[in-house]
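Subject: The structure you asked for

Hi,

Here is the structure I promised to send over.

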Amino acid sequence: MKRLLLLLLLTLSAWAQELTPVITGNTAPNADAQQQKHYVVLVSLDGFRYDYARKYNAAHLLAIAQHGASAPDGMIPAFPSITFPNHLTLVTGLYPEHHGIIANEFYDPARRAKYDFRDHSKVTDGSWYSGTPLWSLAVKQGMRSACFFWPGSEAEIAGARPTFYLRYDDHFPDEQRVQQILTWLKLPPAERPHFLTLYFSNVDHAGHEFGPDAPEVAAAVHHADIMIGKLEDGLAELHLPVDLIVVSDHGMAAIKDRIDLDQYVSFKGWVTVGDLIYPPSEAAAQQAYEKLKNADPRLAIYRRADVPVNLHFNSNPREGDPVVVARGPFAVRAEKPLEERPLTKGNHGFDPYAMPEMKAIFFAEGPDIRQGVELKPFENVEVYPLIVKLLGLESPPVDGKLNILSGALK
Ligand code: AMP
Ligand code: ZN
Ligand code: ZN
């Protein structure tokens, strides 16, 4: 029995050691003026569609809508409605073509190099990113910050890093993520971060694997909601002025079909990454456009400069040319791969204005948030100015404007 216990302890401690550690940057303590400021915890529930809270009765999130502010008809993600572009938009207030992370994976024709969110050497290389993430903005103004995961948080951006951050590990237990946020907020006032991020991926995973209407998604939503409840309980015990903001990056749609563009045009001599296509010349771009523009009525094809302005996707060479915009739930690829993978049941990335299923969530509560405010759909670039205001920081110029969400403020 004793041996068994020892074995169990050893296994547990080995498992505990495997958890990725908190990395501490060399940030100064909070400046005196910053110690008086309120706190913001920004939580992202990846792939949490705008209607999931009601559809699956997420009690804690629905209660936040009662105590604070919410967007019952959703928050509008930036195009493309995928993870890295939208997380960076939320924390920079910039459209993807301005912060530079225009997809999870893309090519930069000037650098002749690829960014890939699965490649640690790329996600940690600050030269891929533009704008000033909230955690960098805070640190540069003498206020500490902490990221329990967030795309971009492992790179030095705008000359700064979060005070505390971790290497991304999808398997890090969710409850311990919540505990770490509370631990950070229990540090002495000079050391305690005022801006914190927290991230969960389970709802996105379930949505991809089973589709948005599956019982597995209901269970994933329930789990994420329980994490929010635990966070709220922990925050209440701290008696600190914390504003809690819960968002997602995009929604999820049931996938109908796959469309391969190379059945209409050959991409030999081109670079392609997913549905992004990079022409070897202007003439090649125009030729491909002519061949693709009427190829499939389910797709909208544009020369990059002509992409509709509401998508803010017409000025960055990383976007390729021509640009494909899927208006329906179709998995688009430039080239059919040699080894076919099964189609996932759910996906996202589509035009958020054509497909309401792409819309994300916004919930906020705390000492600075008015009670029971229901916001009309707004773009996620507006979150940055709100948080800058809550933290009393000086903002750089961004695409978002404070007046859109100021109605949520006390
Ligand atoms: P998407 O299909 O666009 O929603 O991509 C979601 C994937 O991004 C999830 O499977 C996460 O595991 C992954 N992911 C989220 N945050 C990070 C991060 N900070 N670093 C690397 N991968 C991440
Ligand atoms: Zn996502
Ligand atoms: Zn996803």
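**Starting with an arginine**

R333 has a relative accessible area of 15%, so it counts as buried (buried is under 20% relative accessible area, exposed over 50%, partly exposed in between, with a 1.4 Å probe and protein chains only). Before going on, a word on ground rules: this is a predicted model, where local features need pLDDT of at least 70, side-chain atom pairs count only at pLDDT 80 or more, and totals for chains, interfaces and linings use all residues. Residues are numbered from 1 along each chain as its sequence is written, chains are lettered from A and ligands numbered from 1 in the order in which they are written, and side-chain values use heavy atoms, with hydrogens and water left out.

Back to R333, which sits in strand β16 (residues 330–333). Helices (H or I, at least four residues) and strands (E, at least two) are DSSP runs, numbered from the N terminus. Not counting residues up to four places away in sequence, R333 touches R258, I259, D260, L261, G274, D275 and E340, where contact means heavy atoms within 4.5 Å.

**The two zinc ions**

Which residues hold the zinc ion (ligand 2)? Its protein donors are D46 (OD), D46 (OD), T83 (OG1), D249 (OD) and H250 (NE2), at 2.0 to 2.8 Å. Donors here are N, O and S atoms within 2.8 Å of the metal (3.2 Å for Na, K and Ca), and water is not among the atoms, so sites may look incomplete. The angles among the six donor atoms run from 52 to 161 degrees, and the site is irregular. For that label, four donors count as tetrahedral if all angles lie between 85 and 135 degrees; four count as square planar and six as octahedral if opposite donors are over 155 degrees apart and all others between 65 and 115; anything else is irregular. D46 lies in the loop between β2 and α3 (52–55) and T83 in helix α5 (residues 83–92), so the pair ties together parts that are 37 residues apart in sequence. Both D46 and T83 are buried.

H208 in helix α10 (residues 202–210) and H348 in the loop between β17 (346–347) and β18 (362–365) link distant parts of the chain, 140 residues apart. H208 counts as buried at 18% relative accessibility, and H348 does at 8%. The zinc ion (ligand 3) and the zinc ion (ligand 2) are 4.1 Å apart.

10 of the 10 residues of α5 are buried, so it is largely enclosed by the rest of the structure. Just after α5, G93 takes a positive phi of about 70 degrees.

Helix α9 (residues 174–185) has 12 residues and spans 17 Å from first C-alpha to last, close to the 16 Å expected at 1.5 Å a residue (that is, 1.5 Å times one less than the number of residues). Its buried residues include R177, L182 and W184. The buried residues of α9 pack against β1 (22–24), β2 (39–45), β6 (145–148), β7 (164–166), β8 (195–200) and α11 (215–238).

**Sheet and cores**

Several of those strands turn up in an open sheet of nine strands, in the order β1-β7-β6-β8-β2-β9-β18-β3-β19, with mixed pairing. Two strands pair if DSSP finds at least two bridges between them. The edge strands, β1 and β19 (373–374), each pair on one side only. β2 and β8 run parallel and are joined by six bridges; L42 has T197 in β8 as its bridge partner.

The largest nonpolar core has 61 residues, and those with the most contacts inside it are F106, Y129, I245, F362, L375 and I387. A nonpolar core is a set of buried Ala, Val, Leu, Ile, Met, Phe, Trp, Tyr and Cys residues joined through side-chain atoms within 4.5 Å. A second, separate core of 45 residues includes L61, L182, Y199 and V203.

Cheers
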